[in-house]
Amino acid sequence: MIGVTILGSTGSVGLSTLDVLARHPERFRVVALTANRNAQRLAEQCRQYRPLYAAMADPEAARQLASLLEGMPDAPEILAGHEGLEAVASLPDAQYVMAAIVGAAGLRPSLAAARAGKRVMLANKESLVMAGALFMAAVTDSGAELLPIDSEHNAIFQCLPHGFRDGLAEVGVERILLTASGGPFRDWPGERLATVTPEQACAHPVWSMGRKISVDSATLMNKGLEVIEACWLFGTGPERITVVVHPQSMIHSLVQYRDGSVLAELGNPDMRTPIAHALAWPDRLESGVGGLDLVAVARLDFQAPDPGRFPCLNLAFEAARTGGSAPLVLNAANEVAVEAFLEGRIGFPGIARVVDETLQALPLEGVAGQDLGFLIDLDQRARAQAEHRVRAAVI
Ligand code: NAD
Ligand code: MG
């Protein structure tokens, strides 16, 4: 039996992970589940999946969980706060950890799993954007296995040969083609983007996801964060990465080789495929996702992204080229701006403006060799600066 911990089990990726695990009870055992505040849902999951541990980021919610589970036979041990999340990320009983917390809050526990030498199934792309060097060093030092869950990166991983960590040029790779659905406003004229509401931004045409990543998909910042994520995962610079808008999201990404061959991974857009891939790798597991009906799909479309209407993608490319503190500042400012947009404090085009202004306002700092405390402090300063920009923004 393989023990699995799910960080962020009440979210979209967390639920898909539980769905795949429930199909293979003879192979996997749920060791720990975690959530931020939703004690009700975590209590239901504890009754259904019977983990040994349950952790909540919010201590008040952890107390609520304890009272909801009172009297349950073999109730899980309950932990709280970021220490609790880090503790369950590094338990000896769990060999695999699904890192599916959203945003910067995922960094500490995902890093704890990497440091503990787990198979880290990484959905929390923000960890790599904020702390790529530290994270990758932790993976190497501990001997952890890092498997991408983001559908594009999982596709690229599947299209690369085993030796890719020696360098992409070494294995004949010319470039990575990262596909993007284009989000719900792909065909909207620029002027109309000022009218976008949070509900419209969260209604993704293809994927059903958490609110933060849905807004990121609508601004194309999600693709920008994925460019930075791909640089760390595959040991390359942004010059080898091209973004292609592909509205059907059937091709999850492609790898172009020196001889002209282009390999792609295709499938129905359902996160259970990359999740099952990471759980089974190098084998294959049934995931509940049906095969692709190419005749029903009939056609696949492609277009170039439009940087005029969606400036976040270029802001992220620029941050990737600049390096140092730029990707971390980009991520922090984006989280603050998305939250402000969801609360109705700034308009949709304001998200890119807040990110741009925050990047301009803060001096570039070197991050090589810096520890987690330094990065978290930098994240806090960038958030304060972004909040200041939100307040100054004209809605
Ligand atoms: P979600 O909002 O649905 O779920 C987030 C989870 O994180 C929840 O369990 C929540 O309780 C937990 N969480 C939130 N804030 C927290 C905090 N401060 N401390 C501890 N836990 C906290 O998000 P999601 O859509 O499942 O996305 C999760 C991650 O996976 C993100 O990094 C996202 O970019 C990435 N991802 C998601 C998808 C998708 O299809 N949803 C696809 C690719 C990558
Ligand atoms: Mg993705």
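Mentor: Leaving aside residues up to four places away in sequence, serine 9 touches Gly14, Leu15, Leu18, Leu33, Thr34, Leu42 and Gln45; contact means heavy atoms within 4.5 Å. The model is predicted, so local features need pLDDT of at least 70 and side-chain atom pairs count only at pLDDT 80 or more, while totals for chains, interfaces and linings use all residues. Residues are numbered from 1 along each chain as its sequence is written, chains are lettered from A and ligands numbered from 1 in the order in which they are written, and side-chain values use heavy atoms, without hydrogens and water.

Serine 9 sits in the loop between strand S1 (2-7) and H1; helices (H or I, at least four residues) and strands (E, at least two) are DSSP runs numbered from the N terminus. Because its relative accessibility is 0%, serine 9 counts as buried, that is, under 20% relative accessible area, with exposed over 50% and partly exposed in between (1.4 Å probe, protein chains only). Its side chain makes a polar contact of 2.7 Å with that of glutamine 45. A polar contact is a pair of N or O atoms within 3.5 Å; within protein, one must be able to donate a hydrogen and the other to accept it, and residues adjacent in sequence count only if both atoms are side-chain atoms. Serine 9 and glutamine 45 are 36 residues apart along the chain, with 8.4 Å between their C-alpha atoms.

Next comes ligand 1. It is surrounded by 23 residues, the closest being Thr10, Ser12, Asn36, Glu126 and Gly210; a residue counts if one of its heavy atoms lies within 4 Å. Oxygen atoms of ligand 1 lie 2.8 Å from a polar side-chain atom of threonine 10, 2.7 Å from one of glutamate 126, and 2.9 Å from a backbone N or O atom of glycine 210. Of the 830 Å² of accessible area that ligand 1 has on its own, the protein covers 86% (Shrake-Rupley method, 1.4 Å probe). Helix H1 (12-22) and helix H6 (125-142) are the elements giving two or more residues to this shell.

Aspartate 150 lies in the loop between strand S7 (145-148) and helix H7 (151-159), and glutamate 226 in helix H10 (residues 221-234), so the pair ties together parts 76 residues apart in sequence. Both aspartate 150 and glutamate 226 are buried.
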